[in-house]
Each structure stands twice: as structure tokens, then as C-alpha cells.
Amino acid sequence: MSKLRIAVQKSGRLNEDSMRILKDIGISIDNGKDQLKASAKNFPVEVFYLRNGDIPQYLKDGVVDAAIIGENVLIEKGRDINIVEKLGFSTCKVCIAVPKADNYSNIKDLEGKRIATSYPNTVQGFLDENGVKANLHIINGSVEIAPNIGLADAIVDIVSSGSTLFKNNLKEVETILKSEAVLAVSPVLNEEKQAILDKIQFRIQSVLKGRQ
Ligand code: PRP
Ligand code: MG
């Protein structure tokens with residue numbers, strides 16, 4: 001019998017909540033965080049611990065069948081991937097931020113400026129919508145440091161508590177999008193796996209109802 005391969009974030013903000021919802025729907029995983037793969041004891045499911053940014057491509061290729069992932073990552077890298085359920089946790093925003101002392105008044109102020117981000121497609125889309133041309137600098141982490149080291153005039157990154165912006169003397173000036181964890185599915189799922197997924201989705205819906 002085939003198993004449904006579910007990707008979750010290896011480490012980071014989504015990992016804990018993802019493992020909790022799997023536990024809440026009765027899927028018990030051998031504590032395999034150091035391994036990259038773990039099998040459920042009581043359900044035809046394998047969990048793969050992966051880097052967030054890699055998950056959209058794995059879904060597209062059918063290397064994994066489903067994933068618990070931030071909607072923001074799919075908007076950036078996997079617009080063609082189906083979201084079958086919003087999960088209500090790990091909520092955040094993707095925001096533009098500038099140094100606190102800036103007298104930013106609107107998006108046009110970013111014309112010709114340098115913006116550091118790990119979300120280039122999302123940022124470019126937003127700039128295009130607003131008819132603004134800016135230079136993007138792609139960095140993979142610690143984005144908020146960029147203005148302080150003279151690398152950029154503004155940044156675009158995830159804001160959750162706001163603490164990272166605060167600590168780096170930045171202020172949020174625009175919200176590009178709001179995001180939460182979602183259950184996403186590979187476009188190439190066979191019938192047998194779809195049946196397992198349907199069961200999981202049904203259980204998730206019950207758990208989410210109970211949490212309300
Ligand atoms: C994430 C994100 C923001 C921060 C937002 O970074 O990139 O920097 O969290 O959360 P906050 O508003 O609650 O401070 P993370 O700590 O995961 O590190 P990284 O950017 O270096 O990957
Ligand atoms: Mg960060």
C-alpha cells in the first residue's frame with residue numbers, strides 16, 4: 001500500500017504547530033527530527049522534514065504529495081499549487097519596512113531605491129502593480145540587517161510579532177499580503193493517495209472546528 005508523503009518545515013516557526021496538528025489528527029510520528037523522514041505508526045503517512053523554500057518545487061515534481069507550509073511561500077514560489085485547507089496558525093504578514101527615521105509617505109518613495117528581500121517575486125509583483133521601479137537585492141536570511149549595513153534603503157520580509165523590525169530600528173510602512181499555514185497538495189496525486197489525503201483533510205477540518 002502506498003503512503004502519503006507530507007512535507008513539513010524542518011525547523012523554524014511552522015515546525016512545532018505542524019507537528020501539533022498531525023498529532024491532533026491522530027498521526028503519531030516517531031520522534032525523528034534529526035532524520036529527514038519519519039513514518040507514522042498508525043497511518044499510511046510519511047513525514048519529510050524540508051526547507052521551506054524547497055517545498056513548492058517538491059510538490060510540483062510530485063516528490064512529496066502534500067505539505068504544511070506558509071501561504072506566503074506558495075505565493076512566492078508556487079502559485080500553481082493547490083491549497084486545500086487554510087490551517088489558521090502561523091499567521092504573519094509580508095511587509096515593506098524602512099528605517100524608523102525615514103519620512104516615508106507612500107510607495108512612490110521607493111522609486112529607484114534598493115530593497116532587500118527573500119521574496120523577490122512577491123515584491124516585484126507589488127511594485128509593478130504600483131508602477132514603481134526599484135532595485136531588488138535577494139538575501140536569504142537576516143534581511144532586516146540590510147539597511148543598517150548600507151545594503152538597502154528598505155526591506156521586505158515576514159512580520160509576525162514585529163520584534164525583529166523593532167530591534168533593527170525599522171518601521172512597517174506597507175503590508176503586501178497576509179499569510180497563514182495551509183495544507184497544499186501536489187498537482188500529480190494518484191487516486192490511492194488522494195483517498196488518504198481526503199481522510200487527513202476530514203480529520204483536520206474536525207480538529208480546526210474544535211479549536212474555534
Ligand atoms: C523571520 C522573518 C523575520 C522574523 C519575523 O526570521 O524572516 O525576520 O522572523 O518575526 P517577528 O516579527 O516575530 O520578529 P527568522 O527569525 O526565521 O530568521 P531568518 O530570517 O534569518 O531566517
Ligand atoms: Mg528573518
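Which exposed residues does the face of H1 turned away from its buried side carry? The legends below take up this point first, for a predicted model.

**View 1. The two faces of helix H1.** Arg20 and Lys23 are the exposed residues on the face of H1 turned away from its buried side. The helix covers residues 13–24, and its buried residues are Leu14, Ser18, Ile21 and Leu22. These buried residues line one face of H1, because they fall within an arc of 100 degrees when seen down the helix axis. An α-helix has 3.6 residues a turn, so residues three or four places apart point the same way.

**View 2. Packing around H1 and the residue that follows.** Gly26 follows H1. The phi of Gly26 is positive, near 85 degrees.

**View 3. Helix H6 from end to end.** H6 has 21 residues, which should span 30 Å at 1.5 Å a residue. Its end C-alpha atoms are 30 Å apart, so the span agrees.

**View 4. The buried face of H6.** Lys193, Ile196, Leu197 and Ile200 are buried in H6. Seen down the axis of H6, the buried residues fall within an arc of 95 degrees, so they line one face of the helix. They pack against S1, S4 and S11.

**View 5. The exposed face of H6.** The face of H6 turned away from its buried side carries exposed residues. Among them are Glu191, Gln194, Ala195 and Asp198. Phe202, Gln205, Ser206 and Lys209 are exposed on this face too.

How values were computed:
Residues numbered from 1 in each chain as written. Chains lettered and ligands numbered in written order. Predicted model: local features only at pLDDT ≥ 70, side-chain atom pairs only at ≥ 80, totals over all residues. Buried ≥ 20, exposed ≤ 12 C-beta atoms within 10 Å, placed from the backbone. Helix = DSSP H or I, 4+ residues; strand = E, 2+ residues; numbered from the N terminus. Arc of directions from axis to C-beta. Expected span 1.5 Å × (residues − 1). Contact = placed C-beta atoms within 7 Å.
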